[in-house]
Amino acid sequence: MEFEEAKEVLNAIQHAGFEAYFVGGSVRDTILNLKIHDVDIATSAYPSEVKRIFKKTVDTGIEHGTVTVLDHGRAYEITTFRTESTYQDFRRPDHVEFVRSLKDDLKRRDLTINALAMKPDGEVIDHFEGLRDLKEGMIRAVGVAEERFHEDALRMMRAVRFASQLDFIIEKKTLNAIHHNAHLLSNVAVERIHVEWVKLLLGKNPQAGLKDFMATELYHYCPLFSDKKQVFNKLMNLNSSQLTEEEAAWTLLCYLSNLASSGVKELLRAWKSSNSLISNVIVATELVTLIRQQKMDSWTYYRSGLHCLRIANEVAVILGFGINEDILEQKYAALPIKDKHELQVDGGLLINRLKMKPGPQLGVILERLEHQVVNGELDNQQDLLLTAASAWVK
Ligand code: ATP
Ligand code: MG
């Protein structure tokens, strides 16, 4: 396991005379018996001191005190204990101060369940009753919630995200403080909100996360979400099995919002999504409607591609009208071609063999061939395609 190997890194720091602990999500998730995905290490050693201990290091975020250590083919982020002093505009701190005390480092963390530290021997250090909250399934800010959300408004999104992800309940004072300060979220970069929003949707209990997201009015301060109350209500009432990926989550949201492709594009652009995500969600959202209307023909399978078909069907299943997964896969596999390039003729060949001239007619004929092959009206054989094409040439 990842922890075992990382222990050597911690031991090396300790041998050099400094403190070193596992911190953050990996400690939380280990205690919850969940799979851990990244191991964060905090140390009393300053970055320059960390660099002296290890042969291979990279300055990944040295201004924030983070050095990445490369050890046995793995990378570990080691961050010096720090406090975050002057906060401006409710965003991240504008500068950090390195400190030698673990407690000071844990104090600047967002939630009690994220403010635990663990020694290499497994002993947990718990200054803020994070263990109790883990046991009780509580999301609680470290210290005074109001202040913590003023320092960094993203923490409010993180709180609702963890409520969904872990199926925890947000403690009352923390929840009230979110409601009270929700407007501060407008100061936070959309990219950071995006990460938390997607984790909320893909969580174990998105209904619970959404309930808090709405009750606290956080959604008012997210791009193009202020008119989505009804959509979120619909989402909450789906007894949805867990969504498996971001594209499916957006597809479900866009479908429930009745968005046409221009609307999908506008929404996802506002959320600063990648172009590939935007185009997949556009295709998948349209597909959900076609699945519902049982209008899935070969051409639709072909032009959508397997990836978008799977996303759309995942959403259709949640909505109660999905296609059996095996049948979907079989139908796709049975397509005579999966891509235009598999067609046994191309423009060059039509020009050579049928003496056609380059121009729009060529494109029209190629498309017609593609259609007929996909629909099973023509076999994908060169001579047959050429014969068919020659009959269409004017
Ligand atoms: P995940 O499992 O999604 O990685 P995580 O809690 O590990 O969850 P990270 O973004 O990896 O989240 O952050 C690591 C740790 O850094 C957190 O557990 C928390 O202690 C601290 N942290 C992260 N973001 C903030 C924040 N905005 N304010 C305060 N502390 C934070
Ligand atoms: Mg993490």
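# Loops, a helix pair and a sheet

Student: In which loop does Gln294 lie?
Tutor: Helices (H or I, at least four residues) and strands (E, at least two) are DSSP runs, numbered from the N terminus. By that numbering, the loop that holds Gln294 is the one between α14 (275-292) and α15.

Student: What kind of model is this?
Tutor: Residues are numbered from 1 along each chain as its sequence is written, chains are lettered from A and ligands numbered from 1 in the order in which they are written, and side-chain values use heavy atoms, with hydrogens and water left out. Local features need pLDDT of at least 70, side-chain atom pairs count only at pLDDT 80 or more, and totals for chains, interfaces and linings use all residues; the model is predicted.

Student: Is Gln294 buried or exposed?
Tutor: Buried means under 20% relative accessible area, exposed over 50%, and partly exposed in between (1.4 Å probe, protein chains only). Gln294 has 73% relative accessibility, so it counts as exposed.

Student: What is the phi of Gln294?
Tutor: Most residues other than glycine have a negative phi. Gln294 is not a glycine, yet its phi is positive, at about 55°.

Student: What is the phi of Glu217?
Tutor: Glu217 sits in the loop between α10 (206-215) and α11 (229-237). With 32% relative accessibility, Glu217 counts as partly exposed. Glu217 is not a glycine either, but its phi is positive, about 65°.

Student: Which residues does Asn280 touch?
Tutor: Asn280 is part of helix α14. Its relative accessible area is 18%, so Asn280 is buried. Contact means heavy atoms within 4.5 Å. Leaving out residues up to four places away in sequence, Asn280 touches Glu247, His307 and Cys308.

Student: Is Ile311 buried or exposed?
Tutor: Ile311 belongs to helix α15 (residues 298-319). Leaving out residues up to four places away in sequence, Ile311 touches Glu245, Glu247, Ala248, Thr251 and Ala284. Since the relative accessibility of Ile311 is 1%, it counts as buried.

Student: How far apart in space are Ile311 and Val283?
Tutor: In sequence, Ile311 and Val283 are 28 residues apart. In space, C-alpha to C-alpha, their separation is 9.7 Å.

Student: What is the strand order in the open sheet of seven strands?
Tutor: Strands of a sheet pair through backbone hydrogen bonds, either parallel or antiparallel. Two strands pair if DSSP finds at least two bridges between them. This open sheet has mixed pairing, and its order is β3-β4-β5-β2-β1-β8-β9.

Student: Which strands stand at the edges?
Tutor: An edge strand here has a single partner strand, so one side of it is left without a neighbour in the sheet. The strands placed that way are β3 (57-61) and β9 (124-125).

Student: Which residue in β5 stands opposite Leu70?
Tutor: Strand β4 (residues 66-71) pairs with strand β5 (residues 74-80) in the antiparallel sense, over six bridges. Within β5, Thr79 stands opposite Thr66. The residue opposite Leu70 is Ala75.

Student: Which residue in the turn between β4 and β5 has a positive phi?
Tutor: β4 and β5 form a hairpin, with two residues between them. The phi in question is about 50°, and it belongs to His72.

Student: Which residue in β5 is the bridge partner of Thr43?
Tutor: Strand β2 (residues 40-43) runs parallel to β5, and four bridges join them. Ile41 has Ile78 as its bridge partner in β5. For Thr43, the partner in β5 is Thr80.

Student: What is the radius of gyration of the protein?
Tutor: The radius of gyration is taken over C-alpha atoms, and the globule rule is 2.2 Å times the number of residues to the power 0.38. A compact globule of 394 residues would come near 21 Å. The C-alpha trace spans about 85 × 50 × 40 Å along its principal axes. For the protein, the radius of gyration is 27 Å.

Student: What percentage of the residues count as buried?
Tutor: The protein has 19 helices and eleven strands. Of its 394 residues, the share that count as buried is 49%.
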